[in-house]
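User: Hi! Could you walk me through this model? I'd like to chat about the overall picture and then some details.

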Amino acid sequence: MMMEKSNYNFKPLPGYEHFEATTQIIIAEILLRELPFEIIDADNNLISVQHNNKEYIIHEGTISDANSLIAFWISNDKWMTRQFLQRKGIQQAKGILLKPGYDSKVLDAIKLPAVVKPADTDHGIAVSTNIQSREEQIAAIDNAFNFSEKVIVEEFCPGQEYRFLVIDYVVRAIAWREPANVSGDGESSIQQLVNEKNKGRGVDYTHPLLKINIDEEVIRHLNAQSMTPETILKEGEKVFLRKNSNLSTGGDSIDVTDEIPEFYKNVAVEAAKAAGLKIAGIDIIIRDMEGPASNENYIVVELNAPAMLSMHDYPYIGKNRHVEKYVLDSILNSK
């Protein structure tokens with residue numbers, strides 16, 4: 001995959017800086033179309049817009065009448081999602097559902113390495129991947145039960161994870177999220193490189209990309225590579241600062257819309273259709289991008305009805321896909 005220089009240039013929308021970036025992007029499109037709108041609850045990113053004598057309520061930029069309540073409900077429960085994907089023959093990791101008081105013998109059904117996740121959280125909360133031992137697995141399950149009454153254990157699937165944004169059953173953007181990282185210039189320490197990269201990033205979702213925080217996890221990750229925040233990196237030397245690729249922990253979004261084979265775009269559309277989602281972020285792991293596009297080479301990880309738009313409009317690398325146009329059209333055509 002070609003790595004070009006970052007062109008990240010997000011500027012908060014004047015007067016609306018306190019909204020999440022995805023909501024700012026939708027408000028900007030509403031202003032562009034000169035549609036009357038009202039802020040109902042700024043703290044909850046809740047607005048309404050008027051079009052053709054009808055009112056449309058929009059929460060967090062994408063939650064609206066475009067998705068039915070049942071579709072939203074299906075996608076909100078990862079185990080429910082699995083059943084709807086299975087009905088349509090869409091590939092996913094082998095998995096089991098645990099409830100409190102489960103018999104540990106059932107874990108034998110899932111080969112290690114494994115993934116553990118709560119059935120109904122988002123933002124990667126309490127998700128553990130690539131678990132190598134039963135001891136680690138039990139600890140991850142116990143942690144996941146702190147956040148949900150139901151926990152899913154799945155077989156781990158190696159590969160790259162991509163976010164497909166599907167609007168009205170058309171893929172409008174695809175992002176690859178890379179874990180927090182820095183690249184050396186031969187002079188600067190890792191800490192200095194992080195400080196430089198953090199310019200223009202935020203500390204919350206009012207920005208598409210979030211600051212890299214050098215916390216215990218990052219230090220542990222660096223120590224495992226015989227490095228510290230004071231280590232000076234050689235010119236062009238790239239170092240990953242943590243394993244997870246969440247944007248909330250300083251990851252980079254990289255636009256790959258034009259590089260992904262049509263086969264996987266069709267998978268994303270079928271996954272959205274399986275749950276009836278008109279607006280959806282579909283997470284797909286592709287095992288080997290160089291290998292032939294086939295059912296053996298991917299799994300669908302989950303469906304997200306609240307779909308973050310800002311990663312597609314303001315990627316760290318790649319072009320602005322202006323997805324808000326399609327999203328607002330979908331919402332305004334929902335009644």
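This is a predicted model: local features need pLDDT of at least 70, side-chain atom pairs count only at pLDDT 80 or more; totals for chains, interfaces and linings use all residues.

**Overall picture and details**

User: Thanks. How many helices and strands are there?
Analyst: There are nine helices and 14 strands. These are DSSP runs numbered from the N terminus, with helices (H or I) of at least four residues and strands (E) of at least two.

User: Why does the radius of gyration agree with a compact globule?
Analyst: Because a compact globule of 335 residues would have a radius of gyration near 20 Å, and the chain has 20 Å. That radius is taken over C-alpha atoms, and the globule rule is 2.2 Å times the number of residues to the power 0.38.

User: And what percentage of the residues count as buried?
Analyst: Of the 335 residues, 49% do. Buried means under 20% relative accessible area, exposed is over 50%, and partly exposed lies in between (1.4 Å probe, protein chains only).

User: Switching to strands, which ones pair with S7?
Analyst: S4 (residues 95-98) pairs with S7 in the antiparallel sense over four bridges, and S5 (residues 114-118) is joined to S7, also antiparallel, by five bridges. Two strands pair if DSSP finds at least two bridges between them. Leu97 stands opposite Ile152 in S7, while Ala114 stands opposite Glu155.

User: Is S7 mostly covered or mostly uncovered?
Analyst: Mostly covered: four of the five residues in S7 (residues 151-155) are buried.

User: What about S12, which way do its residues point?
Analyst: In S12 (residues 252-255), Asp252 and Ile254 point one way and Ser253 and Asp255 the other, and all are buried. S9 (residues 170-178) runs antiparallel to S12, with four bridges joining them, and Arg177 stands opposite Ser253.

User: Last one: is Thr23 buried or exposed?
Analyst: Thr23 counts as buried because its relative accessibility is 1%. Thr23 is found in helix H1 (residues 21-32). Leaving aside neighbours within four places in sequence, Thr23 is in contact (heavy atoms within 4.5 Å) with Asn45, Glu60 and Gly61.

Terms used
Residues are numbered from 1 along each chain as its sequence is written. Side-chain values use heavy atoms; hydrogens and water are left out.
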